[in-house]
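Subject: Structure for you to look at

Hello,

Here is the structure I said I would pass on. Please open it before you read the rest of this message.

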Amino acid sequence: MKTHQDEQRQVWIGLATVHQRPGAGVLMDRNDAFVNVLALASTQDEFTDVVRDDLAQLGFDLVELEDTERLSERRESFTIPEEINRLAELTLATAKTQFDAFHTWASGDETA
């Protein structure tokens with residue numbers, strides 16, 4: 001049964017800068033990345049919390065989340081790439097956070 005809050009949840013998008021925790025190994029020899037992320041949320045704060053929690057489960061710390069907005073708002077100003085539209089459909093269908101490709105770089109932090 002859907003609640004009133006569920007009905008107000010929409011797909012949000014943002015650009016996350018992340019730092020891989022030691023031992024996570026997801027990014028191989030890289031430990032920092034940025035990634036477009038989509039999730040269902042009612043507010044920007046809820047979106048940030050969901051993204052932070054889901055990244056933590058993958059072994060990442062959220063460093064920064066920028067350019068956050070409802071995907072519907074972004075569509076009013078920009079043409080959305082097909083991959084982002086596909087991820088948005090998955091987000092709606094599964095109610096799970098979706099990540100685009102992680103773009104990595106090596107930081108000065110060489111912890112293993």
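Below is what was found in it, taken part by part.

Confidence

The model is a predicted one. Across the protein chain the pLDDT averages 88, and 87% of the residues score at least 70. Among the elements, helix H1 (residues 4–8) has the lowest mean pLDDT, at 59, while strand S4 (residues 98–99) has the highest, at 98.

Strand S1 and its partners

Strand S1 covers residues 10–20. It is mostly covered, with nine of its eleven residues buried. S1 runs antiparallel to S2, and ten bridges join the two. In this pairing, Gln10 stands opposite Ala41 of S2. S1 also runs antiparallel to S3, here with eight bridges. On that side, Trp12 stands opposite Arg70 of S3.

Gln20 also belongs to S1. Is Gln20 buried or exposed? Its relative accessible area is 6%, and the cut-off for buried is under 20%, so Gln20 counts as buried. Leaving out residues up to four places away in sequence, Gln20 touches Gly25, Val26, Leu27, Met28, Arg30, Asn31, Gly59 and Phe60.

The nonpolar cores

The largest nonpolar core has 16 residues. Those with the most contacts inside it are Ala16, Val18, Val37, Phe47, Val51, Leu55 and Leu65. Four elements each supply at least two residues of this core: S1, strand S2 (32–41), helix H2 (44–57) and strand S3 (60–70). Which of them gives the most to this core? That is S2, with five residues.

Not counting residues up to four places away in sequence, Leu65 touches Gly14, Leu15, Ala16, Val37, Phe47, Thr48 and Val51. There is also a second, separate core of nine residues, which includes Leu38, Leu71, Ile84 and Leu87.

Helix H4

Helix H4 is made of 13 residues, 82–94. At 1.5 Å a residue, H4 should span 18 Å, and its end C-alpha atoms are 18 Å apart, so the two values agree. The buried residues of H4 are Ile84, Asn85, Leu87, Ala88 and Thr91. Why can these be said to line one face of the helix? Seen down the axis of H4, the buried residues fall within an arc of 160°, and therefore they line one face. Glu82, Glu89 and Ala93 are exposed on the other side of H4. The buried residues of H4 are covered by elements including S1, S2, helix H3 (71–77) and S4.

Most residues other than glycine have a negative phi. Two residues are worth checking against that.

Ala95 follows H4 and lies in the loop between H4 and S4. Ala95 is not a glycine, yet its phi is positive, at about 60°.

Asp67 sits in strand S3. Its relative accessible area is 53%, which is over the 50% cut-off, so Asp67 counts as exposed.

Regards

Terms used. Residues numbered from 1 in each chain as written. Predicted model: local features only at pLDDT ≥ 70, side-chain atom pairs only at ≥ 80, totals over all residues. Heavy atoms only, no water. Buried < 20%, exposed > 50% of the residue type's maximum accessible area, 1.4 Å probe, protein only. Contact = heavy atoms within 4.5 Å. pLDDT = per-residue confidence, 0-100. Core = buried A, V, L, I, M, F, W, Y, C linked by side-chain atoms within 4.5 Å. Expected span 1.5 Å × (residues − 1). Arc of directions from axis to C-beta. Pairing = 2+ DSSP bridges.
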